Amino acid sequence: MENYGIDLWADDNFFIDDGLVKINYASNPALIDIVRDIRAQDFKGPLLLRFPHLTKKQISKLFTLYKNAIKEYDYKGKFNAVFPLKVNQLPNFLLPLVKSGEEFGYGLEAGSKAELFLAMTYNKYGAPITINGFKDKEMIHMAFIAKKMGHDITIIIEGLTELEIILEVEKETSLPTPNVGIRVRLFNSGGGAWAKSGGIDSKFGLSSTEILEAYDLLKKSDLLLCLTMIHFHIGSAMTTIKPLKKALKESGHIYAELKNLGATNLSAINIGGGLTVEYSQYQRTTQYHLQEFANDVIFTLKNIAKQKGVEEPDIFTESGRFISANSTVLIAPVLELFSAEYEENNLRLKEVNPPLIEELNELYEDINRKTALEYMHDSMDHLESLLKLFDLGYIDLQDRSNAEILAQLIIKKSISLLEIEDYAELKRIDNKIQEKYLLNFSIFQSLPDLWGIDQEFPIMPITHLNKKPTRSASLWDITCDSDGEIEFNAKKPLYLHDVDLEKEEYYLAFFNVGAYQDTLGMKHNLFSHPTEVNVVFQNNELKLEKIIESQKIIDILEDIDYDTNEIKGILQKNLDKSTYEILEKYLNENSYLKTAWSYNE
Ligand SMILES: *Cc1c(COP(=O)(O)O)cnc(C)c1O
């Protein structure tokens, strides 16, 4: 685990060189240089670095995979893709995506009215728009207007009621009718945490009876020619390909049946999203290769078309995670190491100490490579006994402090003496000798899926990588919530460096955070979105674009509907002018902590 699994999850986008994490692009800048550059401009707290070149790489990869597969099987249908906006709607991410996608005709997918406004505004003409999710009349009306604007738009219905509303709007307005797609409720559901997206008791889609009713309704209303697409989405982050194959067969047959029934314009199968990226630092979890995935899609649909004697359908995909996850890296400064206060010069040994403390002190003085492990065990036992003695009233606070310091010093010294080779020895006692790292960020705001659904993200320091990490680490965020913690996990151990933050800076990076985290995150403790920056390359030169600073405290308060003039007024009334002015300055800063480092800068 010395390279933090970078070969597994980084997809060659980042590499370690000279002890630093560097970007495998253009002039190979180190992440730490970018971080220093931004912080020197007085942006403090956690940072979100976005890399539009990686989004472009993913878009291009997706289209290439299907191009290869179509060629290999001499497939007659066309390939189309849309980006599902719910995965990341932020402008710093989205606007470069739209630009990069233009040459491929890459479109957008909207799941709400707000997202549909974004799609209508920013989608390139000629690229498709699809609409999923539950819709009301207003949203369907918007789709008609988008069609009138010239967009190639498909409303994918989740139920018969939505079709009835489409027919109403068609009658009541003179607007052109968008294409209609049908989301099918499949018998074969997907796997993973999101299996509820597909499957027979899924929240979404039409049953076979409803599909036939929809067909009749369209035919009766003379709108059968609007029916162009069959859609399914079986779930996110698929780690195997098997559920997709089953879903493809089922939906392929539904497509062919409807076509043979008389749905002449039906021409596409939309296979939803679900392509994953590797999140694990420890072992490969994705059990398919991307090209294999695309080949299976094409091969399966080709066979069904042949069997039923219909045209090979065009294919749409809506993979979001695959496109956006690796575009964004979260970087959080380490503020404090829990054991930092346990320094030798803080010891206050007495003339005469309790016997166990004398023993601890001897262990500390005698420790060597051979005895390190044994002494470490002993010291932990002694500490436990001494804490009990304190509870019973036999030792005082000064003794207790000495005991804690000595035990920590012994742990630190043993770890450095052990010159850890394979961590095996250390592993047996990892749980007891963890170091806790306090990070200037909020897990609730920046890694909501880690908190909510135990999603793993690759974590590593961005410097010090030419030194052995020796501390089994658990991470604390700065919210005052005990869930704001990433505990040490012996099965997936994270080792970090023993650093002296008075003398050196230490930052942790969380990778693959570009999918879902940005807008799922919440303002727990009123920590807002970190400062974000687009890192772009022009002619090999690195440029920092569109720096969006983390929200000011005053704006966060306004966001949750406080009258900020009232807040200012009350403070002003109760303080003298110069004190109030200091507070006002603080109100206009973000709420992340300022480190000694950032003060000195
Ligand atoms: C969420 C969603 C997607 C995107 O899924 P990913 O796993 O991010 O690829 C695609 N289509 C629909 C209908 C969705 O709800």
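Asp 11, Lys 57 and Lys 61 are joined in a network of salt bridges. The model is a predicted one, and a search through the whole of this structure finds 30 salt bridges. Three further pairs are set out below.

| Salt bridge | Closest N to O distance |
|---|---|
| Lys 245 with Asp 296 | 3.5 Å |
| Lys 523 with Asp 559 | 2.8 Å |

Lys 245 and Asp 296 form a salt bridge. Lys 245 belongs to helix H9 (residues 242–261) and Asp 296 to helix H10 (residues 290–308), so this pair ties together parts that are 51 residues apart in sequence. Lys 245 is partly exposed, because its relative accessibility is 32%. Asp 296 has a relative accessible area of 14% and is therefore buried.

Helix H10 also carries Lys 302, whose partner Glu 312 sits in the loop between H10 and strand E11 (314–317), so the two link parts ten residues apart in sequence. With a relative accessible area of 17%, Glu 312 is buried, since the limit for that class is under 20%.

### Strand E18

Strand E18 (residues 507–510) pairs with two other strands. Strand E12 (residues 328–337) runs antiparallel to E18 and is joined to it by four bridges; here Pro 333 stands opposite Tyr 507. Strand E14 (residues 459–461) is also antiparallel to E18, with three bridges, and Pro 461 stands opposite Leu 508.

In a regular strand the side chains alternate between the two faces of the sheet. In E18, Tyr 507 and Ala 509 point one way, Leu 508 and Phe 510 point the other way, and all are buried.

### Ligand site

There are 16 residues around the ligand, and those that come nearest are Lys 86, Ser 236, Glu 318, Gly 320 and Tyr 516. The shell consists of four nonpolar, eight polar and four charged residues.

A polar side-chain atom of Ser 236 is 2.4 Å from an oxygen atom of the ligand. For Lys 86, a side-chain N or O atom lies 2.6 Å from a ligand oxygen, and for Tyr 516 the distance from a side-chain N or O atom to a ligand oxygen is 2.6 Å. On its own the ligand has 390 Å² of accessible area, of which the protein covers 92%.

How values were computed. Residues are numbered from 1 along each chain as its sequence is written. This is a predicted model: local features need pLDDT of at least 70, side-chain atom pairs count only at pLDDT 80 or more; totals for chains, interfaces and linings use all residues. Side-chain values use heavy atoms; hydrogens and water are left out. A residue is near a molecule or strand if one of its heavy atoms lies within 4 Å of it. A polar contact is a pair of N or O atoms within 3.5 Å; within protein, one must be able to donate a hydrogen and the other to accept it, and residues adjacent in sequence count only if both atoms are side-chain atoms. Accessible areas come from the Shrake-Rupley method with a 1.4 Å probe; for residues, only the protein chains shown count as cover. Ala, Val, Leu, Ile, Met, Phe, Trp, Tyr, Cys and Pro count as nonpolar, Asp, Glu, Lys and Arg as charged, and the others, Gly among them, as polar. Buried means under 20% relative accessible area, exposed over 50%, partly exposed in between (1.4 Å probe, protein chains only). Two strands pair if DSSP finds at least two bridges between them. A salt bridge is a side-chain nitrogen of Lys or Arg within 4 Å of a carboxyl oxygen of Asp or Glu.
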